Amino acid sequence: MPDTKPMVIASLICEAHRDLCLQSFAGLLKYSAEPVQLHLFEDGSLTPATTEALRAALPGVRIWFFRDYDPPTREWLAKQPNLRNFRALTPMGLKIFDIPLHMYREFGKFLYIDSDVLYFQPFSWHALRNLPETAALFALDSQQSYSLGWREWLRWRKRLPLPYAANLGFYQYPQVRYDLDYLEWIYSEPDFWRYWTVIEQLAWAAMSRGENVYYVDPHQLVQACPGYRVDGRAVIVHYPDIYKKQMRANSDHLPPGVPAQGAPPVELRPWRAPKLNYWRYGLNVLKRRKMMRLAATTVAQHP
């Protein structure tokens with residue numbers, strides 16, 4: 001029998017991405033085969049007009065306001081000065097500290113999904129729900145995007161076992177494995193700040209130790225990147241960074257007749273995440289170079 005218990009889903013939102021939020025979460029509610037309990041954490045920028053627009057378009061949504069959830073988060077991070085500093089530096093801190101701390105306290109288990117994604121066909125969470133309780137679930141990134149270079153990786157690789165190319169645009173992380181003290185250590189080490197804008201991906205990947213980690217099938221959860229393709233297997237497409245313009249235009253379309261009329265929802269499938277090793281690190285370097293060439297060609301063709 002299908003599981004009709006609501007999926008508890010959280011996301012971070014802001015006023016600047018109002019239209020993307022409406023577009024994304026309306027699709028989530030439309031295409032999810034199981035009921036969704038949606039929690040949106042605003043970063044302090046949301047206007048009353050946008051708040052009402054979200055409530056009108058997304059039945060049952062709960063909006064968490066920064067002014068309300070900020071004080072308890074500060075108390076929870078009282079012993080982690082490096083985490084507090086990162087939280088003050090970028091709204092990404094709200095995504096990786098505030099949201100899990102509050103959602104763990106109230107629900108224990110939840111799924112986080114970024115607001116810059118589109119849903120292309122009906123889908124079910126059944127297989128993801130059946131993962132072991134202690135399993136960590138991420139999206140597979142289009143390339144490895146951790147905040148350390150190859151020298152730092154060589155220096156730390158034995159102490160810092162990592163899954164290959166974890167992406168935090170989509171995550172479900174068990175409360176028993178969420179460790180503020182470990183994250184504090186990650187954020188205190190200068191070697192891990194080389195590419196600081198993605199240090200949160202390194203931190204969570206490292207926190208998992210690469211053990212019992214899964215990705216959503218990357219044919220179903222597609223990361224927009226140079227040369228990416230959307231075909232009939234695609235269920236969700238993530239549009240990070242410059243690709244948000246494509247999301248606004250909704251320029252990607254599945255082939256006609258996919259899915260077939262009356263077809264059952266597609267079941268999102270988990271993949272066991274491989275660990276980062278010398279072989280995968282080298283392949284990632286080659287892949288990144290190929291993507292850079294594709295990006296340069298695209299810019300030349302469409303200046």
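A pocket is an open set of grid points with protein on both sides within 12 Å along at least five of seven lines, and its lining residues have an atom within 4 Å of a point. In this predicted model, β1 (7-13), α5, β8, α9, α10 (244-249) and α11 (278-301) each supply at least two residues of the lining of the largest pocket.

**The largest pocket**

- The volume of the largest pocket is about 1,500 Å³.
- Its lining is made up of 49 residues, and those closest to the centre of the pocket are Asp116, Pro240, Asp241, Ile242 and Lys244.
- Among the elements, α11 gives the most to this lining, with seven residues.
- Sorted by class, the lining of the largest pocket holds 21 nonpolar, 17 polar and 11 charged residues.

**The second largest pocket**

- A volume of about 470 Å³ is found for the second largest pocket.
- There are 20 residues in its lining, and Val222, Gln223, Cys225, Tyr228 and Lys287 lie nearest the centre.
- β10 and α11 are the elements that give two or more residues to the lining of the second largest pocket.
- Here too α11 gives the most, with four residues in the lining of the second largest pocket.
- The lining of the second largest pocket divides by class into 10 nonpolar, four polar and six charged residues.

**Asp241, a residue at the largest pocket**

- Asp241, one of the residues closest to the centre of the largest pocket, sits in the loop between β11 and α10.
- The relative accessible area of Asp241 is 63%; because the cut-off for exposed is over 50%, Asp241 counts as exposed.
- Asp241 and Cys225 are 16 residues apart along the chain, and their C-alpha atoms are separated by 9.6 Å.
- Cys225 is itself among the residues nearest the centre of the second largest pocket.

**The enclosed cavity**

- The model has one cavity of 30 Å³ or more.
- About 30 Å³ of space lies in the largest cavity.
- The residues that line the largest cavity are Ile113, Val117, Ala139, Gly169, Phe170, Leu221, Gln223, Ile236 and His238.
- Two or more of these lining residues come from each of β8, β10 (221-223) and β11 (236-238).
- In the lining of the largest cavity, six residues are nonpolar, three are polar and none is charged.
- Gln223 lines the largest cavity, and Gln223 also lies among the residues nearest the centre of the second largest pocket.

**Helix α9**

- Helix α9 (residues 199-207) is mostly covered, with nine of its nine residues buried.
- The buried residues of α9 include Glu200, Gln201, Leu202, Trp204 and Met207.
- The cover over these buried residues includes α4 (81-89), α5 (92-107), β7 (136-140), β8 (166-172) and α8 (180-188).
- After α9 comes Arg209, whose phi is positive, near 60°.

**Helices α1 and α2**

- The axes of α1 (residues 18-31) and α2 (residues 48-57) come within 10 Å and cross at roughly 10°.
- Angles under 35 degrees count as roughly parallel, and α1 and α2 are therefore roughly parallel to each other.
- In this contact, Arg18, Cys21 and Leu22 of α1 meet Ala49, Thr50, Ala53, Leu54 and Ala57 of α2.
- By class, the contact of α1 with α2 has six nonpolar residues, one polar residue and one charged residue.

Key:
Residues numbered from 1 in each chain as written. Predicted model: local features only at pLDDT ≥ 70, side-chain atom pairs only at ≥ 80, totals over all residues. Heavy atoms only, no water. Axes fitted to C-alpha atoms, helices over the stretch in contact; angles between N-to-C directions. Parallel < 35°, antiparallel > 145°, perpendicular 65-115°, else oblique. Contact = heavy atoms within 4.5 Å. Nonpolar A, V, L, I, M, F, W, Y, C, P; charged D, E, K, R; others polar. Buried < 20%, exposed > 50% of the residue type's maximum accessible area, 1.4 Å probe, protein only. 1 Å grid on protein atoms, 1.4 Å probe; cavity = no way out; pocket = protein on both sides within 12 Å on 5 of 7 lines; lining within 4 Å. Points joined across faces, edges and corners; volume = space filled by probe spheres on them.
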